[in-house]
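Here is a set of questions and answers to read beside the model. Keep the viewer open as you go.

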Amino acid sequence: MSPGPAQALAEGFPDLQGLPVARRAHVGRWAAAALIVIALLALVRAFAKGQIEWSYVGRFMTVPAIVEGIVNTVVMAVAAMALGIVLGVIVAVMRLSPNPVLRTVASGYAWLFRGTPVILQLLLWFNLALVFPVIGVPGLWSGRAVDVMTPFLSALLGLGINQGAYTSEVMRAGMLSVDIGQYEAAQAIGMSRLLALRRIILPQAMRVVIPPLGNEFIGMVKLTSLASVIQYPEVLHSAENIYYANSRVIELLIVAGVWYLAVVSVLTPLQMLLERRFARGFSGNAR
Amino acid sequence: MTQPFLAIRNVSKAFGQFRALLNVSLDVQAGTVLCLIGASGSGKTTLLRCVNQLVTIDSGGIWLDGDLLGMQVKSGRLHRLSEAEIARQRLKTGMVFQRFNLFPHMTALENVAEGPVQVHRRKPLEVRDEALELLARVGLADKAANYPAQLSGGQQQRVAIARALAMRPKLMLFDEPTSALDPELVGEVLAVMKELARSQMTMIVVTHELGFAREVADRVVYMDAGRIVEEGAPSQVLGAPNEPRTKAFLSAVIS
């Protein structure tokens with residue numbers, strides 16, 4: 001795009017060489033930014049003058065009950081998501097199986113657990129003792145359901161099994177996104193269906209499913225707050241217990257909100273690391 | 001004549017209303033190269049895919065190295081083999097695809113070593129040396145650490161050939177191995193296949209490369225509309241065809 005001066009002169013065009021490139025003014029951008037800054041300032045002012053004791057927010061950020069609560073939140077989110085992913089992979093593989101029995105069971109599972117509210121499922125697991133006073137494996141072990149179905153186990157089963165139903169669809173979409181030729185190539189070197197899934201299809205599906213799974217994980221961090229209704233001591237539960245005592249409702253809700261935001265903020269870079277790991281071979285300059 | 005290494009007998013296959021193969025019978029002797037030619041939709045790729053059981057035949061039988069493929073005769077009835085038994089039968093054949101189908105998340109070396117390590121359960125270290133030798137054999141010793149996306153089409157197809165050879169197949173199947181390649185990359189893949197033919201590998205090649213067929217094939221088969229129209233030595237089928245349909249096809253391809 002830089003015609004030689006001789007050529008430009010010869011054709012009667014002005015010589016462009018050496019001319020500086022002017023910057024665009026971007027009036028719209030500046031105007032929008034100014035409006036947003038004004039709106040933010042107004043918002044900050046409103047909250048500063050509102051009836052919020054900010055000193056309480058600072059003080060309760062790190063009290064043991066709240067810190068324990070956020071640790072419990074993270075533990076539950078990780079455990080329930082892990083259970084959800086394991087179930088999701090198994091159910092997705094079942095749904096793509098040639099075996100009609102497995103396919104039907106898998107569809108039934110997704111139908112049941114996606115079709116009912118997760119809070120209802122949590123309450124059912126927690127109150128399992130009303131249906132089955134004693135639970136266990138015949139001949140191996142048994143116990144009273146009230147002792148077995150602790151808030152932790154109830155929340156883990158409720159959230160994890162529900163998550164598995166959603167994750168199975170994410171995993172299925174990922175597996176369907178892998179070219180059929182990959183499966184044929186795996187078969188052609190003598191791989192069984194399951195070996196091909198494990199070595200060839202799932203690693204490639206991971207690349208596609210990590211963004212939606214990250215989405216689901218962020219959702220799960222917040223979904224754990226529902227476990228407060230079955231007495232699981234996650235951060236919202238702790239915040240509620242404190243404001244029942246001291247009536248600082250908004251301050252403690254802000255404390256919990258800031259903690260949720262902090263956890264979710266840490267997850268985003270972790271997701272990027274994972275994405276890079278599974279993108280191996282998919283860009284021209286891999287490694 | 002000894003029993004043929006591959007015997008295809010009265011094989012038919014339909015996909016819904018489309019009849020891809022009609023009563024096809026064919027023999028391939030060990031150590032020979034057979035080229036399948038014909039227009040697209042003539043059934044040549046389907047026939048190839050029946051041999052390694054990516055396609056299940058509707059009727060007839062295929063015997064490879066003395067074994068009936070995909071089925072078993074037990075007390076007067078045909079029983080389908082299990083998936084594991086079919087996977088074991090596939091080990092006798094190696095397949096090279098038109099679109100390469102390399103595993104994109106693995107390096108060239110990992111692609112070649114994957115089968116021996118995961119399917120034959122051999123030691124990764126010992127397989128590694130062998131895989132490097134195979135890559136050298138297809139002229140890609142220096143590309144072992146590259147991912148498929150970093151290789152040209154011709155290089156990818158040569159890795160795919162090495163990957164198939166790593167399983168030590170007795171029969172190599174090539175499904176239009178050069179059709180997806182830029183013209184200047186066709187030669188390098190054909191050269192590898194010629195070397196393979198010289199080493200007495202039994203091969204079935206679906207191809208539009210008539211020059212390759214003329215030079216390398218022991219026999220050429222022309223297919224049309226799911227049937228074998230003409231078969232014989234390359235000089236006869238390609239040079240002096242008897243059937244009008246073969247003549248029409250050849251003049252269309254060459255012009």
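This is a predicted model: local features need pLDDT of at least 70, side-chain atom pairs count only at pLDDT 80 or more; totals for chains, interfaces and linings use all residues.

Residues are numbered from 1 along each chain as its sequence is written, chains are lettered from A and ligands numbered from 1 in the order in which they are written, and side-chain values use heavy atoms, leaving out hydrogens and water.

Q: Which residues touch the most other members of the largest nonpolar core?
A: A nonpolar core is a set of buried Ala, Val, Leu, Ile, Met, Phe, Trp, Tyr and Cys residues joined through side-chain atoms within 4.5 Å. Buried means under 20% relative accessible area, exposed over 50% and partly exposed in between, with a 1.4 Å probe and protein chains only. Among the 83 residues of the largest core, the ones that touch the most other members are Leu6(B) and Ile204(B).

Q: Which helix gives the largest share of this core?
A: Helices (H or I, at least four residues) and strands (E, at least two) are DSSP runs numbered from the N terminus. The largest share is 11 residues, and the element that supplies it is helix 10 (residues 193-223) of chain A.

Q: How many residues make up the other core that lies apart from it?
A: This other core includes Ala108(B), Leu185(B), Val229(B) and Phe249(B). Its membership comes to 52 residues.

Q: What is the volume of the largest cavity?
A: On a 1 Å grid over the protein atoms alone, a cavity is a set of points where a 1.4 Å probe fits but cannot get out, and a pocket is an open set with protein on both sides within 12 Å along at least five of seven lines; lining residues have an atom within 4 Å of a point. Grid points are joined across faces, edges and corners, and a volume is the space filled by probe spheres set on the points. The structure holds one cavity of 30 Å³ or more, and the largest cavity has a volume of about 40 Å³.

Q: Which elements each supply at least two residues of that cavity's lining?
A: The lining consists of Ala185(A), Ala188(A), Ile189(A), Gly94(B), Met95(B), Phe97(B), Arg163(B) and Ala164(B). Elements that each supply at least two of the lining residues are helix 9 (180-188) of chain A, with strand 8 (93-96) and helix 5 (153-165) of chain B.

Q: Why is helix 9 of chain A largely enclosed by the rest of the structure?
A: The buried residues of this helix pack against helix 10 of chain A together with helix 1 (44-51), helix 2, strand 8 and helix 5 of chain B; contact here means heavy atoms within 4.5 Å. Helix 9 of chain A is largely enclosed because its buried residues number seven of the nine.

Q: Which element supplies the largest share of the lining of the largest pocket?
A: The largest pocket has a volume of about 410 Å³. Of its 16 lining residues, Arg199(A), Met106(B), Glu110(B), Glu114(B) and Gln118(B) are the closest to its centre. Six lining residues, the largest share, come from helix 3 of chain B.

Q: Which residues lie nearest the centre of the second largest pocket?
A: About 340 Å³ of space lies in this pocket. Its lining has 20 residues, and those nearest the centre are Thr56(B), Ile57(B), Gly70(B), Met71(B) and Arg80(B).

Q: Is Thr73(A) buried or exposed?
A: Thr73(A) sits in helix 4 (residues 64-95) of chain A. Not counting residues up to four places away in sequence, Thr73(A) touches Val221(A), Thr224(A), Glu234(A), Val235(A) and Tyr260(A). At 1% relative accessibility, Thr73(A) counts as buried.

Q: What distance separates the C-alpha atoms of Val255(A) and Ile66(A)?
A: Val255(A) lies in helix 12 (residues 249-278) of chain A and is buried, with a relative accessible area of 0%. Leaving aside neighbours within four places in sequence, Val255(A) is in contact with Val57(A), Phe60(A), Met61(A) and Ile66(A). Val255(A) and Ile66(A) are 189 residues apart along the chain, yet their C-alpha atoms are separated by 8.4 Å.
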